[in-house]
Structures are given as structure tokens and as C-alpha cells.
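My entries follow the order in which I checked them.

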Amino acid sequence: MEIYNGKSVYGGIAIGKIAVIGAKEEVIVPVSVANTAYEKERFKKALLKSKEQLTELYSTAVETVGKESAEIFEIHKMMLEDTDYIENVEKIIDEEKIMAEYAVSKTGQEFSERFLKMDSEYMRERSADVTDISQRVISNLKGKIPDGQKLCEKVIIVAEDLTPSETISLDRKNILAFVTAGGSTLSHTAILAGIMNIPAIVASNIPVDNSLDGSIAAVDAYSGKIYINPDNALLTPLRKRLDEDKKRYLELSKLRGMETKTKDGKKISLLANISSSKDVSYALENDAEGIGLFRSEFLYVGRTKPPSEEEQFEAYKEVAQKMQSKTVIIRTFDLGADKRADYLTFEDEENPALGVRGIRLSLENEEIFKTQLRAIYRASVYGNISIMYPMIISEEEVKRAKLISEQVRNELKEKNILFGNVEEGVMIETPAAALISDKLARMVDFFSIGTNDLTQYTLAVDRQNSRIGNLYDVMHLSVLNLIKMTCENAHKNSIWVGVCGEMGGDIDACKTLLSLGIDELSVSPTKILPLREIISKIEVFPKG
Ligand code: PEP
Ligand code: MG
């Protein structure tokens, strides 16, 4: 039995098979062959198998992430049908009398370099796709299961780290646990785990290579331990804990439908954070009183162009309808920094977290911003939608965002397109915004404090860097002072103030937040019922 350690970001136990995603491929050495016809036949079969897998992946992706995001699998299939590509592989096999794996790898490299030199940005982006399809063919030649196919059964995912675009292509119902080598408490792996109730360990010392693929493992995401080939002595207590967790889940379910109130009677709104329209089911399952943060930028990542107005409209409408008359706060796309969309974000920023992200990017790309606002306003007739602007640092930005939103409303009116009464709020996630919250409060309907970024920017500690994770302290007096100031300024101006950063879901921090005056908490869906229980035991204004 081997044991690895990491940092737990979402507690729980999982026992099952490992699927390694995105492992670095070993170098393919050239091996000479006598029977080239046989190699070409193997290549043809691997091609066919790859195309079948892509067809299957396309249909699954259409259902889970929509047609436009699924398009990438169609592009990959077309690339595998390219006669230049096929002839090149066969030529290498014939001329060099070499095994098919090597010929595919060499062709992949040659074509990828060719794409990189092209003038069109679209074609340059295809370079990574050629590498991707070649990798798939090589996996099939070797009889290995390619990454995308590994999730056809329930598995423990082991990866370097999950990028936002990788997360959208995972079939969520088949994930038992996440174990990553990189990542931090605020990485997307952690956020996703919280939404989906999946045990997760990040920053672990597990080797991310194919040797672990298919091994049986036990993940104890309470203590941050991963056991490969666990023995019975270890499995017995883990299975017991798994049963206890199930019982606890049933107990918490009894709080469904109840109001969230402190012991001394203050009503607290308890809403859910989501990253896609599909996450609404997790919000409903956990009895969220609304959606306090819809991270809309996830609609924009992992694709080659922004989502159309229609696609966005459908996604926002679906969320609004499913939540019925409950609040749905859609944050306009907060792209940039770690959430990249190559058609919009910049590669060459020295400090991306301090660069063109959030509202800055929206104001630079007014047409794309307007498309999103139009989709939100059109969807607003189907429920109770609000808009929230991210990464605000000045009154000027709020003024400009509100002006653009007014223009969108006017254009819709001119076309007789209906929209509802949409409130506008801002995220308080920079020290600047907190420090001018008295001014901002006069311009908007609500505040939502993004403690993830507020802590990062106040303490100058990168939220993604696990090496300085010990310095990332949401309870630092400077952060608490900024939260206090924001609450006071919100209330002075009669607007509500919530927290939508991960701190809101922290059972220990919750009491502090409520004592500072927070009215609303928007958290990972799975945190809602445990928080409802805790809040009912808290006194906001203790007597004596
Ligand atoms: C935050 O910064 O706290 C927040 C909720 O936004 P995100 O984590 O998406 O940056
Ligand atoms: Mg943020």
C-alpha cells in the first residue's frame, strides 16, 4: 500500500478506481518494423476508434455543456479525416519503416508547428488540437483509454490541476473524488468539489502519470490522505465513516424548507454559488434560497469564440425558470487572470491578477459585454434576475457599466422586447472598492463581498499559490476591517450586503461575518444546510 498526502479542500471519503487525467506522455522512441502494411492497418483501426470516441464525446458534451461548447469534438473528428494528416503518417511508416505510434507523434509535431506559424489566429489555436488528436490516436494504438473516455464509469480523478475548460468536459456524475498535484483551496477543483459534493484533495505529492491509471485507491479527504491498493484494516474505518456521512446527510435534509434565522431572530439569506446552468440542480437539491453568484464566465472558457446571445439567453433563462421567483444574481463575465478565453484575454501580462480582468475587460470589449447584458435582460422576464459587476475599483467603472446597461435596455425597448425589473449590484473584492463603499453604495442596489479576491489583494497573497497558503488568512484584521466598513456603508445607504467568497461557507468564519453585519451568504450548494444548522445556534447580538 502506498500513501500520499495533500491538502483537503472538501471533506469526504471515496473508494474506487483511479483515472489519471492529463498525464505527461512518455517520449515515444522510434522502433523499426519489417511489416509496414501491418503498422498502417493498426493506424487505420486506431483512427476509426478515435473517431467513434469523438462522436460519443460530442453527444455527451451537447447534453452537458451545450452544442457550441461541444463543437470542439466535431473539429477534432474533422482533423482526423484530413487526408494530408493521414498520408503523412503513412508516408513516415513506409519511408522510415517505423512503428505507427512514432509516425503519428512525428506527424502531430510537424503539423502542430505548421499551424503555429500561420497568420490566422484561429489556425494558430488549432496547433494544440493537432497535438490532442495525435495523443488520442497514440492512446488507441497502445490500447490505453484516452482521458475523455475514462469517465464512463465512476472514478477518482488524479490530475496535475483542473483548468476551467477541463472542468466543463468532465461528466460530473462519474466523479468519486478529485486528487490534484497542484491547486489551492481556491482553485477551480476546490470550487467545483464544493458545488458537486465531491471529496477533494489538492497540492498533493501523488505522481500524475499513467502508472496509477486503473489502480484501486481510497481517498480520505478529511485528513488529506490517498491510499493506493488499501488493505482491509484501513478500509473498514473508512467505510464506517462513509456510512456516517450518509446518515449526517439525511439528518441535514430535515432542514430543507426551513427558514435561515439566527438564535436571536435575524433572518439571513442563504443562497448558492453556481458555475453553469447545470449546477442549478445542486442548488435546488440543497434548498438554496436563490443563486447569489452565477459565475457566468464559465460559459466563455474552453471555446474559440464568445457564446452567442441566444446560447447565453437559454442558459440564464433555464436558471431563472428553475429557481422560480427566487433571486438569481448573474455576475457579468469575470474573465482574465486564471480564467482565460484566448479570443479575449491576454497572454503577455506580467501580473494577470492585476491586469485586464473582470469589468476592465468588459469595458474594453463593449460589444461582447452588451451581448451578455442583452441576454440577461431578455432572460429576466422568466424569473427574478439581478446583475452584478466584478472587480470594481472606482465610481467611474460603475457609472460606465450602468450606462451601457441602460443603453441595452433602451435598445430592447425600441425593439419592443420585454425585460423585467433587474437590480444592479457590485462585487466588493478589491480594497479600493471597500474603501470607497460609501460612494458605491449610492450607485447600486446591493453589495456582494468577494472575500477570495479581497483577501488576495489586501494581503498581497496570490490565492492560487499553495506555497504561501499559510499567509492567505481571511480572518486577517485588515480583511475584517474592510468587510466591517463595507457593511456599515451598505446599511447607511439602505442596501443589503452579502458575501459570495469561500469565507461565507466557512463554518467558523460565519459567526464573525454575521457579527460584522452581513445580511446574505452565497456559498457552495453543499454548505447551505450545514450553515443553516449553525446559524440557528448563533446569537448576532449576544446579551450582557
Ligand atoms: C471572490 O473573489 O470572492 C469571488 C467570489 O469571485 P471569484 O472566486 O470567482 O474570483
Ligand atoms: Mg473574485
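Below are my notes on these points.

This is a predicted model, in which local features need pLDDT of at least 70, side-chain atom pairs count only at pLDDT 80 or more, and totals for chains, interfaces and linings use all residues. Residues are numbered from 1 along each chain as its sequence is written, chains are lettered from A and ligands numbered from 1 in the order in which they are written, and side-chain values use heavy atoms, with hydrogens and water left out.

**Metal site.** I looked up the protein donors (N, O and S atoms within 2.8 Å of the metal, 3.2 Å for Na, K and Ca; water is not among the atoms, so sites may look incomplete). For the magnesium ion (ligand 2) I found Glu429 (OE) and Asp453 (OD), at 2.0 to 2.1 Å. Glu429 sits in the loop between β13 (423-428) and α14 (431-435), and Asp453 is 24 residues away in helix α16 (451-459). I take helices (H or I, at least four residues) and strands (E, at least two) as DSSP runs, numbered from the N terminus. Glu429 is buried at 2% relative accessibility, and Asp453 is buried with a relative accessible area of 2%. Buried means under 20% relative accessible area and exposed over 50%, with partly exposed in between (1.4 Å probe, protein chains only).

**Domains.** I noted domain 1 (2-22 + 160-250), domain 2 (36-148) and domain 3 (264-535); such bounds come from an automatic or database assignment.

**Helix α13.** The buried residues of α13 include Val398, Ile404 and Leu412. Seen down the helix axis, the buried residues fall within an arc of 130° (taken from the directions from the axis to the C-beta atoms), so they line one face. I found Lys399, Lys413 and Glu414 exposed on the other side.
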